[in-house]
Amino acid sequence: MIKVLLFAQLRDESGKEAISIEGNGWSVAELKGKMEAEYQLGGLETVMTAVNEEFADDNTILSDGDTVAFIPPVSGG
Amino acid sequence: MIKVLLFAQLRDESGKEAISIEGNGWSVAELKGKMEAEYQLGGLETVMTAVNEEFADDNTILSDGDTVAFIPPVSGG
Amino acid sequence: MKERHSRQILFAPIGETGQLKIRRKHVLILGAGALGAANAEALTRAGVGKLTIVDRDYVELSNLQRQQMYTERDVEERLPKAEAAKRHIREIDHGVQVNAVIMDATAQNLERQLDAVDLILDATDNFETRMIINDLSQKLHIPWIYGACVGSVGMTLPIVPGQTPCLHCLLKTIPIQGMTCDTGGIISPAVTMVAAHQTAEALKILTEDWGAVRPALVIFDLWRNQYQSVKLTKAKTKDCLSCGEQRSYPFLTRENATKTAILCGRDTVQVRPPRPVKLQLEKLAKDLIGSGYVVTFNPFLVSCEKDGERIVIFEDGRALIHGTKDMIQAKAMYQSILG
Amino acid sequence: MKERHSRQILFAPIGETGQLKIRRKHVLILGAGALGAANAEALTRAGVGKLTIVDRDYVELSNLQRQQMYTERDVEERLPKAEAAKRHIREIDHGVQVNAVIMDATAQNLERQLDAVDLILDATDNFETRMIINDLSQKLHIPWIYGACVGSVGMTLPIVPGQTPCLHCLLKTIPIQGMTCDTGGIISPAVTMVAAHQTAEALKILTEDWGAVRPALVIFDLWRNQYQSVKLTKAKTKDCLSCGEQRSYPFLTRENATKTAILCGRDTVQVRPPRPVKLQLEKLAKDLIGSGYVVTFNPFLVSCEKDGERIVIFEDGRALIHGTKDMIQAKAMYQSILG
């Protein structure tokens, strides 16, 4: 299982702070596609991704036990 | 191995932020005694202890892989 | 009021209902130093109904590096911090009621200030006073928020009677003074990060969003990039003397605090008379001038200087003896003036 | 100066050497809203030598809920924020040099402000401007610190050319506006927590303690008690157009920003003329009064109101059209006044 943490508006859009999902061997891009489809999340192409608290790109391959955080860039100030 | 994180003046006194130590089966009190002796740390009786990010008392028994944080209460303001 | 707080009302967990609740609440901030000033400013801007600000000190030049709101003019006028805070708050939002209380908090005089108070914000600099707050919080069922900082380190924890562990559960004995502003210094971001946590928890409590209150102690170090949130699910102890089944509020009943104390971050001793008095400050000032002191005074205090020694005396008889850490010497100097 | 900053000098990683370095440094703060005001106050108190504060806006009632330093009087006077910040800074420490620049930053006019600047603090409210800062930072080798907040969420990251990844490495495309202060609101502790991180990183950079600079992006949510620090060791990309080997600084060379823009957190459209102009404000005010507008003005701007519409026009020809998000309508209103 992959644990997915959602921040800011993603949490509000999905209504969840964390989601567990079967995704061993998936790329981050695949996970994003799955999340957009299943949880009605938009704009994931501009979202930053952390895998186990380390910045990761869309090609990063995920393994069971990984924690993925989707972090939408915040613009206010 | 137990990983010990040191905050505030404990880090300054020991010169280290983190220490790895053999301590499987020890209590928190035993670990404190060991740390006072080996790293010249004082005042550990008033220090708060977290084991794996959860508050723990002196009787808590430690296992390999645990992360212990020693948190000296801060008083300034 | 709506236009002023429109961005806070837009924040869904607060909304119009939450904003009205904030407006009806009364917060006591104990201490108007770095944490006190930052929290007082934030709660004023958030639209709290009433603030009681308790502080024993006055504004000095070395405060300006980290204490929000205060200006060079406050230093020149040697304004008590509670009064200076009140004046600045009035400029920010004249609709917030402020009660400035210039006193050194004890279990007795603090309890008298807590009538109809909804929340206590800890902005003190010592554990003796925090343990008094902790006992009063349990006795009177008023939540409080612990906050402290030194160097680049800070720590904070909300305490809700009947819901969370209390500070006495976490600290079996009062810690002896560790690192203080005097030995470790302080940078302002450590202050503001603690105040940010305290204000956020305050807004949750004032809007009665109890489920959102942080069930954890936060410690961070902004220079070493450390941060840890410690959950407290196992921390509450049944036999705690402050919040347990057989509670005795030990910090309220035990003998009064020492009459002299070295102030955190200063080469200064505070001396407090056995019983509060009400000095005639103008008369005192005249007497001191006659004794060869260089004296300045305002309606709140007399400051006098001679041979490099500087003493500040407040109306309630309390005095700050500057330039020393020797409590006996300080007491002697005090008595040489006030008898 | 020593007495004033004594507690900061006591903090070992700064010390006297660090304090002297801070005093010699020049920081440009882009934006004097919530993050800008908080950082400006903190760096002033820390004793920075010189601040350049760039902002295009003026103080409004709804700002007071979260924007430090500003008072009701600033709102009444409709002071530009950069000017209001400068006045408050002078009251806090008259020894800090402040350069208040009232302008809407573009790649061109911002580069002209960056001569001898040691650090750029991001206090803007949009990614278009941040990408310009990011390119200028790489081109001119000036570190900058990203900071942003909305609701109870905040995010911050220091960017040091030649040492860390840049913002363009992390964001391949400029995000479309997600949640803004307009849709999600904002609470002040989110602001101060971001500012605390920015100021702490600023102090590390100004004292040249490069090893202490946080190698991570921080994101937090103070209401939901979330915090994550994301390490960036693998984030730097060789082919980045802003910091890579074949860099082209795309955000400096591409066509200029749109001439109209909806402001974050407001029912307001900004309109900017094709080329900067220098208006005769007094004459403009008289003309507007003649046209039936209710007009107030000061040396920096003219504010006029009619039929519930309010328009504020700055000396450089820029205007804020309040009460609308319709850019076409806004442009029309602008042109109906200035032609």
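Copies of a chain are superposed here by least squares on the C-alpha atoms of residues with pLDDT of at least 70 in both. The structure is a predicted model, in which local features need pLDDT of at least 70 and side-chain atom pairs count only at pLDDT 80 or more, whereas totals for chains, interfaces and linings use all residues. Residues are numbered from 1 along each chain as its sequence is written, chains are lettered from A in the order in which they are written, and side-chain values use heavy atoms, with hydrogens and water left out.

Chain D is superposed on chain C by a rotation of 180° with 0.1 Å of shift along its axis, at an RMSD of 0.1 Å. This is therefore the relation of a two-fold axis. Within chain D, the residue that comes closest to the rotation axis is D:M193, its C-alpha lying at 2.6 Å. The same surface serves both copies, since 100% of the contact residues of chain D recur in chain C (contact: heavy atoms within 4.5 Å).

The contact draws 63 residues from chain D and 63 residues from chain C. Between these chains about 5,100 Å² is buried, 57% of it from carbon and sulfur atoms; buried area is the accessible area (1.4 Å probe) that two parts lose on being put together, summed over both. D:R7, D:R45 and D:W223 supply 17% of the area that chain D buries against chain C, more than any other three residues.

Two salt bridges are counted between chain D and chain C, each defined by a side-chain nitrogen of Lys or Arg within 4 Å of a carboxyl oxygen of Asp or Glu. One salt bridge joins the side chains of C:E72 and D:R4 (2.4 Å, N to O). On the side of chain D that touches chain C, α1 (6-10), α3 (34-46), α5 (81-92), α9 (181-184) and α10 (188-206) each supply at least two residues. The largest share of that side, 11 residues, comes from α10(D). Helices (H or I, at least four residues) and strands (E, at least two) are DSSP runs, numbered from the N terminus.

Chain D also contains an open sheet of six strands in the order β9-β10-β14-β13-β12-β11, with antiparallel pairing; strands pair if DSSP finds at least two bridges between them. Its edge strands, β9 (260-262) and β11 (294-297), each pair on one side only. Strands β10 (residues 268-271) and β14 (residues 319-322) of chain D pair in the antiparallel sense over four bridges, with D:V269 opposite D:I321.
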